[in-house]
Amino acid sequence: MRLHRIKYFRRSLQQSDDSVETINSHDVFDAVFYDEPDDNAANRAGLEGLIRYLQCGDTVVVDSMATLTSSTEQLCVIIRRLIDKQVTLEFSNESLIFRHDCLEVVETIIAVMELVAEFERTAMREKQAAGIASAKRRGVYRGRKKKLSDNQVVNLIDRAGAGESKSKLARDFDISRQTLYRYLRST
């Protein structure tokens, strides 16, 4: 069985369509997969194609961790997916290599990265809460605009009290069932 070296990258906005072939510098790759800069986490055809292509023992070369994703949490998920396929993952810029045959080390690194991701989420939530509190003190924070006017809420409650279907009410008022129940609980 021949082991492959595979390149993955995300094209930048400055790269032209024909730059895919010239992306390889001195290194030779058996395959190249890439995603467009506007592809989001849910739409990554290049990354999914790479994962389907991989065989046990292959090596995936990525320029930077930021190439895979902008979220530490998503990065850990992607690294785990690749390691589960029993491949080696190389990050050129960071000089990091995640080898599938050194799981103890890889798991430790990923666990630390997950702790950092949790710290980032907590710090972001605290910063957001502080910003909201500051805006409220200044009187500029109004919260999210209500989906229904007061007259619509009264109409909704009357129709629900008359036994009309919750699904029909949600469709008629263009709200989710969860929002519908929130309005009905608030009375």
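The legends below accompany close-up views of a predicted model of a protein chain.

**Figure 1. Overall arrangement of the protein chain, with seven helices and five strands.**
Along the sequence, the secondary-structure elements follow the pattern β-β-α-β-α-α-β-β-α-α-α-α. The protein chain comprises 187 residues, of which 32% count as buried. Among contacts with a separation of 6 or more, 60% are made by residues 24 or more positions apart.

Strand 1 runs parallel to strand 2, and five bridges join the two. Strand 1 also pairs with strand 3 in the parallel sense, over four bridges.

Tyrosine 8 has phenylalanine 33 as its bridge partner in strand 2, while its bridge partner in strand 3 is valine 62. Which residue stands opposite arginine 5 in strand 3? That position is taken by threonine 59. Threonine 59 has a relative accessible area of 13% and is therefore buried, the limit being 20%. Leaving aside residues up to four places away in sequence, threonine 59 touches His4, Arg5, Ile6, Thr88 and Glu90. In a regular strand, side chains alternate between the two faces of the sheet.

**Figure 2. Helix 1 (residues 45–53) and the elements that cover its buried residues.**
Gly46, Leu47, Gly49, Leu50 and Ile51 are the residues shown as buried in helix 1. Their cover includes strand 1 (5–10), strand 2 (31–35) and strand 3 (59–62). Helix 2 (65–68) and helix 3 (72–84) are also included in this cover.

**Figure 3. Aromatic pairs, of which the structure holds three.**
One of them is formed by phenylalanine 9 and tyrosine 34, which are stacked at 5.5 Å centre to centre with 15° between the planes. Phenylalanine 9 belongs to strand 1 and tyrosine 34 to strand 2, so the pair ties together parts that are 25 residues apart in sequence. Phenylalanine 9 counts as buried at 3% relative accessibility, whereas tyrosine 34, at 31%, counts as partly exposed. Another pair joins phenylalanine 91 and phenylalanine 98 in an edge-to-face arrangement, with 5.9 Å centre to centre and 90° between the planes. Phenylalanine 91 and phenylalanine 98 are both buried.

**Figure 4. Packing of helix 3 against helix 4 (residues 103–138).**
Two packed helices are described by the angle between their axes and the distance between the axes. Here the axes of helix 3 and helix 4 come within 8 Å and cross at roughly 160°. Helix 3 is therefore roughly antiparallel to helix 4, since the angle is over 145 degrees. The crossing of these two helices is left-handed. On the helix 3 side, the contacting residues are Thr72, Glu73, Leu75, Cys76, Ile79, Arg80 and Ile83. They meet Leu103, Val106, Glu107, Ile110, Met113, Glu114, Ala117, Glu120 and Arg121 in helix 4. An α-helix has 3.6 residues a turn, so residues three or four places apart point the same way.

Most residues other than glycine have a negative phi. Serine 95 is located in the loop between strand 4 and strand 5, and at 64% relative accessibility it counts as exposed. Where is aspartate 174 placed? Aspartate 174 occupies the loop between helix 6 (166–172) and helix 7 (177–185).

Notes:
Residues numbered from 1 in each chain as written. Predicted model: local features only at pLDDT ≥ 70, side-chain atom pairs only at ≥ 80, totals over all residues. Heavy atoms only, no water. Buried < 20%, exposed > 50% of the residue type's maximum accessible area, 1.4 Å probe, protein only. Contact = heavy atoms within 4.5 Å. Pairing = 2+ DSSP bridges. Phe/Tyr/Trp six-rings, centres within 6.5 Å; stacked < 30°, edge-to-face > 60°. Axes fitted to C-alpha atoms, helices over the stretch in contact; angles between N-to-C directions. Parallel < 35°, antiparallel > 145°, perpendicular 65-115°, else oblique. Left-handed = near helix turned anticlockwise from the far one by under 90°.
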